[in-house]
Amino acid sequence: MAPRAVRVGSARFRMDDLLQTTINGIASGSIYALGAIGLSLVYAILKLVNFAHGDFMTLGGYVAFAVNVSLGMPLVVAIAAAVVAVAVLGLVTEELIWRPMRKRGAGLMQMLLLSIGLAFVLRNLILLTWTGESRKLNVDDTASYGIGIGRVSLLQILVIGIAAAALVGVGLLLTRTYVGKSMRALSDSFDLAEVSGIDTKRVVTYTWILGGGLAGLAGVLAAVFTTLTPNMGWTLLLGIFAAIILGGIGNPFGALVGGLALGLVQEWSTNFVEPTYKEAIGFAVLILALLFRPNGLLGHATRTG
Amino acid sequence: MGPLLAFGFWAYVLTVAGIYAIFVLGLQVHVGDTGLLNFGHVAFMAAGAYSTGLMVTNGVPLLAAIPLAMLVAALLGVLVGLPTLRLRGDYFAIVTIAAGEILRIMIQNQQGATGGTLGLRKASGGWPSFNRDILRWFEDTLGIELERRVPLLVITWLVALVIALLLVRIGRSPWRRALRAVRENEDAVAAAGKPVFQLKLQALALGAAIAGVSGVLFTLLQTSLYPENFEPIVTFVGFAILILGGIGSYFGVVLGSILISFIISGVRFLDFPLAADKVAALRFVVIGLIIMAVMAFRPQGLFGKKEELHLD
Amino acid sequence: MTDADTILHVDGLARHFGGVKAVDGATFSVKRGSITSLIGPNGAGKTTAFNLVTGFESADAGRVHFAGDDVSRLRADHRARKGMVRTFQLTRVLGKMTVLENAMLAAPDQPGERMWNVLTPRRWRSREAEVKAQALEVLDEIGLSEKAGDYAATLSGGQRKLLELGRALMARPDLMMLDEPMAGVNPTLGRQLLEYLDRLRTERGLTVLFIEHDMDVVMGVSDEVVVMTQGRVLMQDRPDVVRKDARVIDAYLGGADE
C-alpha cells in the first residue's frame, strides 16, 4: 500500500509517520508519566517539590547499568536492583534530610532549594563514579516488528509494556489498598489524616518506596530508550514537571495524562518541524495550556476562605 | 604556571564573579524583593548576550547595542511575565525554566543567524580593539603595563557597584515597599488597592534588564557565544550565590558571587590529584553541599536578616 | 436599580466549586452611610460572597454595582481603589514588614509607587511624610502605635485583626467590608473599634458592611442585617425585624446540623 502524502508546510506528512510518532510518543510519554507519578506523590503527601527526582532516575539507570553490563546479569535483575536502590535512596534522604527539616518547620522554598543542592550532589557523584561517557544497557536495540503500516521496536514494546504494567499496578494500589487510600487521605490533608488515626509515618515510608521505586524504574526505561548520561534525569525532569503541571499538581492520575500528552505532542510535532525543536514545543504547549487552564488539565480551582 | 599568567587567570575569575554578581542582583530583585521564584533567569542573560552579538555582527556600534540589549532583555521579561505571572509560585518556577529552555533551543536551532552550536563569533564587536587602545594608552601615557583582562575586570565591577547602589536607592522607595508586600501576600496588596500584576511585571522587567547587562559583559569577556553557555545550571549557580549571600541582601550577592566563582573556576588552579573532569564534578558536589548546608542551618544566608527571610 | 442612597448593589451573584454552590444567586444592597451586617450559619457563603463582591474570586454569574458603577469586571485592586476596601477572616498581614510599613502600604496616591519615580525622591518624599503621619494616627486609634517599629509577624492574632483594619482605613475607603473583625479581639477594644467606625461614619460618611457571628454586636450596631443561608440571601431588613423572623431562626437551627 503506497503511503498517501499530504503537504503540510514544507514537511511531508504521512499516515505511517503519524503511527510511528504515536508509538514513539506513547513510549516517551510513559517514561514521563512514571517519573511524574512518583514526583507528584511525593509532592502531594510531603509538599516537597523534589528537584533531585530526575537525578534519582539517573541513579536508577546507572544501577541498572552496573548490574546489567558491569556484572552481566539479566535486565530483569537490573530493573529490580534499580527500583530497590532508588527506593532506599528515597528512604535515606527522608531520614537524613526531609524529616528533620519538616520537624524544624522548613518552608516549601527552603525544601525546594535543598533538593536542588541534593540534585547537584547526586548528579556529580554519578559523574565522578561512572564518568560522563554515554552508556547503553544490554538490550537488542535493532529488533523490530511490523504492525500494519508501521514498525515497532523491541525497545518500544519493552518500555510501553513495563510502564503500562507499573501504571496499572500503581493505579490499583492507590485506589484499592489501605496504604493507597491512606496516601490519598494524606495528600488531602496531612493533619486531618493524622488526627483520624492514620499512621502517617508508615504512609510517608510507603510514599518514598513508591515514589523512589517508580523513579528507579523510569530511569532504567529512559536508559533503555535513550542513552544513559549523568545529565539524563535532569534533562527529563523539566518534561516531568511539565507533565505534572499539565495534569494538575498533586494529582497522580493527572500526572499520567500529562505525561502521555506531553510525549505525544513532542513526537507528533516532529511531523511538522525539525525534531530538534521537540523539547521546546513541549514546553510551549505547557505554557499555552496554563494560559487557558491555570490549574492544569485535571486540576480544580480550589476554594479559598 | 608563571605569576603573570596566574594574575591573568585570577582577573578572569574575578570578572566572571562580577558578571555573576550583576546577574544575581537581577535575580535578587525577582526573588528577594518581589518573591518571584524565577528559575529561568539565564534566559535574560542570554537575551542580553545574543542581542548584543547579533547587533554588532550586523554593524550596529557596540555602544548603541548595549542599551538596546538591556531593552531586549527587559522586553523578554515582559513577554515571559504576561502569561506566567498570574500562576502560583511553584508553577511560575517551572514555567520560567521552560521559557528559558525554549529560548536556548531556538538559539541553538537558528544556525543561520546565531551560528547555533558552532557559536556566534566576534560577538563583542569593537571591544577587543578598544581594549587594546586602553592598554596602549596606559603603557604610553602612564608607563603601566596592564594585564589584558584588567580593563574589563574594572568595568564589570564598576557596573556591579553602580547597579547595587541604584538598587539600594530604589530600596528606600514606596515602590519597593509595594514589591516587598507582594512578596509577603498578594491578596493583602490587592486589598490595599495596589496593582499586583503590574508591580510584578515591572520587577520582572527590571531584574531582566539587569541580567541583560550581565549578558553584555559576558559577551565582551568571551567574544564568542554558544548556546551551552546559557543552560539552566547558570540560573541555579545564581541561586546558590543568592542563598549563600542571603536572600534580600545586595552586599551578600557580591560576596556570594566571589565565593561561588572561586569554587567554580578557582579550584581549577589548585593542584588536585584528579583528572580535570573529576575536578569539575567535585566542585559541583561542593556547591550542592553548600546549598544544602545553608538551607538546613542558615536559611537566611550569610548576610540576610532572619526576620525578613521569606522562604515559606 | 441603584440610587444615590445605595452604595453597593449585588444582583444574582453566583459561584460554584465543582458541584458545590457556595453562592447561588445572592442579591442584596447596602445603603450609603449605613452599618450593615451579613450573617448566616457556617457554610452559608458569606466569605465567598465577600470574595466575589471585592473581586478576589471571579463570579460565575451576577453583577456588582458600586457607587453607581458596574464593577463586575474590574480586578480586585481596581475595586479597592474605587473605595471598596476589605479585610480578611484569616488575616493577611505582611509578617516580614513592620507594623508601620503595613499601614503605610495602603495609602492611596503615592507617586513613589510608580517604577519610573523611584530614583527621583522629590516627587514622593512629601507625600511619604504625610502618609507616615496618617499611619501613625491610625495605629494610635487601633492601639498599635507602640508596635509601629516591630515586624508584623510578632503580633498576636487579635493585633493582626486590628492591623488589617488599620491598613484598610489607610486606603481611605467609602465602603469598608470587614470579615469577622471582632474575632480574637478583646471585647473592650472591640467596643472602642465600633465606636471609632461609627465616628468615621459621621465624620467621613463611611459605610460599613461586616460579617459577624456575635448576635449582640450585630443587633446592637447594625442599621440593616442581610441574612444568608445556603448561598442565597434569605432576607434583608432592620435588626428588630430580622430577629423575630421565623425563617431566620429556622436557618440557624437547620445550620447547626451541618
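These legends cover views of a predicted model, from whole chains to single residues.

Residues are numbered from 1 along each chain as its sequence is written, chains are lettered from A and ligands numbered from 1 in the order in which they are written. In this predicted model, local features need pLDDT of at least 70, side-chain atom pairs count only at pLDDT 80 or more, and totals for chains, interfaces and linings use all residues, while side-chain values use heavy atoms, with hydrogens and water left out.

**View 1. Chain A, overall fold.**
Chain A holds 11 helices and four strands. Both element types are DSSP runs numbered from the N terminus: helices are H or I with at least four residues, strands are E with at least two. The radius of gyration of chain A is 20 Å, close to the 19 Å from the globule rule for 305 residues, so chain A is as compact as a globular protein of that length. The radius is taken over C-alpha atoms, and the rule is 2.2 Å times the number of residues to the power 0.38. Along the principal axes, the C-alpha trace of chain A spans about 65 × 50 × 35 Å.

Of the 305 residues in chain A, 53% count as buried. Buried means under 20% relative accessible area, exposed over 50%, and partly exposed in between (1.4 Å probe, protein chains only). Take the contacts in chain A between residues at least 6 apart in sequence: 73% join residues at least 24 apart. A contact means heavy atoms within 4.5 Å. Chain A exposes about 12,800 Å², with carbon and sulfur atoms supplying 66% of it. These areas come from the Shrake-Rupley method with a 1.4 Å probe; for residues, only the protein chains shown count as cover. The 21 positive and 15 negative charges of chain A have mean positions 5 Å apart. Lys and Arg count as positive, Asp and Glu as negative; His and the chain ends are not counted. Each charge is placed at NZ of Lys, CZ of Arg, CG of Asp or CD of Glu.

**View 2. Glu186(B) and its partners.**
Glu186(B) sits in helix α9 (residues 186-191) of chain B. Its relative accessibility is 37%, so Glu186(B) counts as partly exposed. Beyond neighbours within four places in sequence, Glu186(B) is in contact with Val196(B) and Lys200(B). Leu118(B) lies 68 residues from Glu186(B) in sequence and 45 Å away in space, C-alpha to C-alpha.

**View 3. Two loop residues of chain C with positive phi.**
Asp109(C) occupies the loop between α3 (99-105) and α4 (125-141) of chain C. Phi of Asp109(C) is near 55 degrees, positive in a residue other than glycine. With a relative accessible area of 66%, Asp109(C) is exposed. Arg172(C) is in the loop between α5 (157-170) and β7 (175-179). Arg172(C) is not a glycine, yet has a positive phi of about 55 degrees. At 45% relative accessibility, Arg172(C) counts as partly exposed.

**View 4. Chain C as a whole.**
Chain C has nine helices and 10 strands. Buried residues make up 55% of the 258 in chain C.
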